[in-house]
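This report describes a two-chain model for a reader who is new to protein structure. Please keep the sequence and the structure in view while reading.

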Amino acid sequence: MTCLEVRELLPEMSIGVLPEPERERLGRHLQWCAGCRKEAGDLDQAAATLAFALPPAAPPADLEERVVAGVRRTAGAPVTRRRARTVAAGLVAAAIAFASLGWGAVMAGRADRFAVRAEQAERQQAAAIEQFRRIYANVIPGRDLPDNETHIGQLTPVAAGTGGGFVLQLVSPTVLDFSMVIVNGLHESDRLPLRVQLLNRDGSVLRAGQITGLNANGGADVYHQFKTQDLAGFTRVRVVDDQGQVVLAGTVDQSA
Amino acid sequence: MTKAPRQAPGAAAGVYLEGDRVSNRPEGPLLAREEQQLVEGLLAGNEDAVRALYARYARPIFTLGLRLLGSAEAAEELTQDVFLAAWRKAARFDPARGRLSTWLMTIAHNLAVDRLRRETGVTRPHLVLVDEVPEVGWVDEEEPVIERDAAIRALESLSDAEKRLLGRAYFGGLTAREIAESDGIPLGTVKTRLRTALIKVRRANQDKERP
């Protein structure tokens, strides 16, 4: 793809309407071409101007607290001493083999340099994907997990809850779809059994497994293979307790 | 940790980090260094940094979600998703390549458009609401965001036809080809007009470059 061809497509890219094949090719070009990347940045800024010019609507008053709590828990920042200890212990001992990833140091606040935290975040996600890959290999021996059909999302607590986790999905046109949920830092007070649900836009709910017990650190993992169901569009994930209360929630980015 | 104080109405929402704390700066857009510090604070889960980012950008993100997705519930989910996505992508933010506001709004727009694509099962964004960019002249919000004032000024550089064209693509999700087929004009003409309109906005934006 030449710079001339790229420049022709950049406006649609910045506006967000460039179809996927061209989007991907253009993305590859931008990785190495500084000139086109600069042009793309300028056009992105121009496109974002449209959003900033909208007459503002006020978000609900409680949204700030939900956003702050979600980010802090996802980032592993301590909320209270008790909660931080629980989450740290859960993460260290959860089904994912996090022991080698330095989580203890992160949770203790000793690894607060930007680069270190960035690396830890990347590795946390990579470890979850690797765990997914290992379990999938056990379920379907001899078949690799296709990267472009594997999607990940994060689970965060609802309201004043604790814990967190990941959800991973294989959404494939050629093999049975598969999901795995990894949780940690939960309490027995979350009223077992916990049910994992996948939801789509139409409100359809799929059962994706049940957690009947937590390990000492509030961790568990659940995986489920869907014999007939296509998981495409089932991007919202909830972990609910036996009273139907949502304990953890998250969204899978199936476009990634 | 204390909640970052909001700006008084009429003041610019300038905030910056001093060590682990977020302070108010009297006026003006964020410096590149301040943007980098806020993103570092976000990645570390620094409460003041998250609140500072929320104070500046939650409203436009929520507004965009409302416009594209059509419901307050969906806009709330989008706002939460944007901040979590920003945390995940924080290590890739480079202030030398673009403003923090652009980065966040690009994340928000992409998430909203992707959600529409997934939920409507179409290969392009679904046309949800009116296809025009907003009218100029809204100034009575309680907590003005400096980006909005500049955005309105930048859009004044466009003709009405250019505003409609950009709005059909950005808010309506129509590709250049679909606009060309709908209006019965050559594809190249639509692409040229889109590019011309964006470049006009970009030039206008350059007048408000960071100090």
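## A partly exposed leucine in chain A

Leu192(A) is partly exposed, because 17 other C-beta atoms lie within 10 Å of its own. On this scale, a residue with 20 or more other C-beta atoms within 10 Å is buried, one with 12 or fewer is exposed, and one in between is partly exposed, the C-beta atoms being placed from the backbone. Leu192(A) belongs to the loop between β3 (177-184) and β4 (194-199) of chain A. Helices (H or I, at least four residues) and strands (E, at least two) are DSSP runs, numbered from the N terminus. Not counting residues up to four places away in sequence, Leu192(A) touches Ile211(A), Thr212(A), Gly213(A) and Asp242(A); a contact requires C-beta atoms, placed from the backbone, within 7 Å. Leu192(A) and Val240(A) are separated by 48 residues in sequence and by 9.1 Å in space, from C-alpha to C-alpha.

The model is predicted: local features need pLDDT of at least 70, side-chain atom pairs count only at pLDDT 80 or more, and totals for chains, interfaces and linings use all residues. Residues are numbered from 1 along each chain as its sequence is written, while chains are lettered from A and ligands numbered from 1 in the order in which they are written.

## Confidence

The model scores ipTM 0.75 and pTM 0.56. The predictor's confidence in each residue is its pLDDT, from 0 to 100.

| Chain | Mean pLDDT | Residues at pLDDT 70 or more |
|---|---|---|
| Chain A | mean pLDDT 75 | 76% of residues |
| Chain B | mean pLDDT 73 | 69% of residues |

In chain A, the pLDDT is below 50 over residues 79-113, a stretch with 66 contacts in the model beyond near neighbours in sequence. In chain B, the pLDDT stays under 50 over residues 122-144, which have 50 contacts beyond four places in sequence. Where pLDDT is low, the predicted coordinates should not be read in detail.

## Helices and cores

Helix α2 (residues 20-32) of chain A spans 19 Å from its first C-alpha to its last, close to the expected 18 Å; the expected value is 1.5 Å times one less than the number of residues. Among the 13 residues of α2(A), the count of buried residues is one.

Chain B has eight helices and two strands, in the order β-β-α-α-α-α-α-α-α-α along the sequence. Of its 211 residues, 49% count as buried.

Which residues have the most contacts inside the largest nonpolar core? They are Leu42(B), Leu104(B) and Ala108(B), in a core of 79 residues. A nonpolar core is a set of buried Ala, Val, Leu, Ile, Met, Phe, Trp, Tyr and Cys residues joined through C-beta atoms within 7 Å. The element that gives the most to this core is α2(B), with 14 residues. Leaving aside neighbours within four places in sequence, Ala108(B) is in contact with Ile61(B), Leu64(B), Gly65(B), Leu78(B) and Val82(B). A second, separate core of 34 residues includes Met180(A), Leu194(A), Ala208(A) and Phe234(A).

## Where the chains meet

Between the chains, 67 residues of chain B are in contact with 54 residues of chain A. On the side of chain B that touches chain A, α2(B) supplies the largest share, 12 residues. The residues of this side divide into 33 nonpolar, 14 polar and 20 charged. Here Ala, Val, Leu, Ile, Met, Phe, Trp, Tyr, Cys and Pro count as nonpolar, Asp, Glu, Lys and Arg as charged, and the others, Gly among them, as polar.

Technical notes: Contact = placed C-beta atoms within 7 Å.
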